[in-house]
Amino acid sequence: MAMASRSLRAVAAAVAINVPVVAGAQTSMLKVIGNDSIAVPFAWVTVEGGVASITDEKGQIGLGAMRKKTLSLDVRRIGYQPWFGKITLPDTAVNLTVVLPRVGQQLASVNVTGERVKTALELAGFYDRMLMRQKGVLSATFIGPEELDKRHPSRTTDMLYGLNGIVIMHAPNGAMCARGNGGSCFMTIMLDGAVLRPTGNVCLGPSTLHIGSRGTASSDRGPDINQYIDVNDVAAIEIYARGGNMPVSLQAADNACGVLAIWTGARK
């Protein structure tokens, strides 16, 4: 416990001393690095408990043009110890640095040449789209691996309550499904980039069409999210309330009620 306290004090000191003034700049910048001084890309950053943003590939994120203000920060990245603390912005733009100690055993240093290996979420474009949201290009809700790790949900649908553009429906058969467009129809569910077709437990809407002896078809049915997707396998989630402002890679045949894209794999 004492070692952890010393570590946090050291990190706080690092934040306090790394505040050089950036001449002529308007935006203060925060850089997240590991205790090996290497930048930490896609670190999860919340300011004053607001909506989470991520650092870019250089480990940097803009803090805006605020002046003479003290901010509470929560900085996380899978594989690193989280950092909580306060930073004080002076009356000029500054560069701030937060140090995240790596989790796990410290091994002897090894010199490696080559490019950083991209994670599955990077290859899927998750972080690119989240950065686009931060620039105002996309209108969507993103839930990254750090938020999943922090909240420890017991079911996938636990992460979806109270979010804009999505309503969780509880069916009599126990199914839990996502409805969009004010709850009027079922959202398209994409699992690792492929549309999830309901074949097992489903939710049925009022406009379900039954076609007697020729089988059953439906224009209003949704898959039971928790049946198909174990929360322990979820690495990240994207929610697009409307199909109009959606990247081409996630567009399905029917986007009218929005898209819920779930990515599985390791949270790293």
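The legends below describe close-up views of a predicted model.

**View 1. The largest nonpolar core of the predicted model.** This core is made up of 19 residues, and those with the most contacts inside it are Leu121, Phe126, Tyr240, Leu250 and Trp263. Three elements, α3 (126–134), β18 (234–240) and β19 (259–264), each supply at least two residues of this core, and the largest share, 4 residues, comes from α3.

**View 2. The surroundings of Trp263.** When residues up to four places away in sequence are not counted, Trp263 touches Leu121, Ala124, Phe126, Arg129, Asp192, Gly193, Asp233, Val234, Ala235, Ala236, Glu238 and Leu250. Among these partners, Leu121, Phe126 and Leu250 are, like Trp263 itself, listed with the residues that have the most contacts inside the largest nonpolar core.

**View 3. Helix α3 and the elements that cover its buried residues.** The buried residues of α3 are Phe126, Tyr127, Arg129, Met130, Leu131 and Arg133, and what covers them includes β3 (53–54), α2 (120–123), β8 (141–143), α4 (145–151), β18 and β19. Just after α3, the chain reaches Gly136, which takes a positive phi of about 85 degrees.

**View 4. The hairpin of β5 and β6.** Strand β5, covering residues 69–76, pairs with strand β6, covering residues 83–89, in the antiparallel sense and over 7 bridges. To follow one of these pairings, find Leu73, whose bridge partner in β6 is Gly85. The hairpin has 6 residues between the strands, and in this hairpin Gly79 takes a positive phi near 95 degrees.

Key
Residues are numbered from 1 along each chain as its sequence is written. This is a predicted model: local features need pLDDT of at least 70, side-chain atom pairs count only at pLDDT 80 or more; totals for chains, interfaces and linings use all residues. Side-chain values use heavy atoms; hydrogens and water are left out. A nonpolar core is a set of buried Ala, Val, Leu, Ile, Met, Phe, Trp, Tyr and Cys residues joined through side-chain atoms within 4.5 Å. Buried means under 20% relative accessible area, exposed over 50%, partly exposed in between (1.4 Å probe, protein chains only). Contact means heavy atoms within 4.5 Å. Two strands pair if DSSP finds at least two bridges between them.
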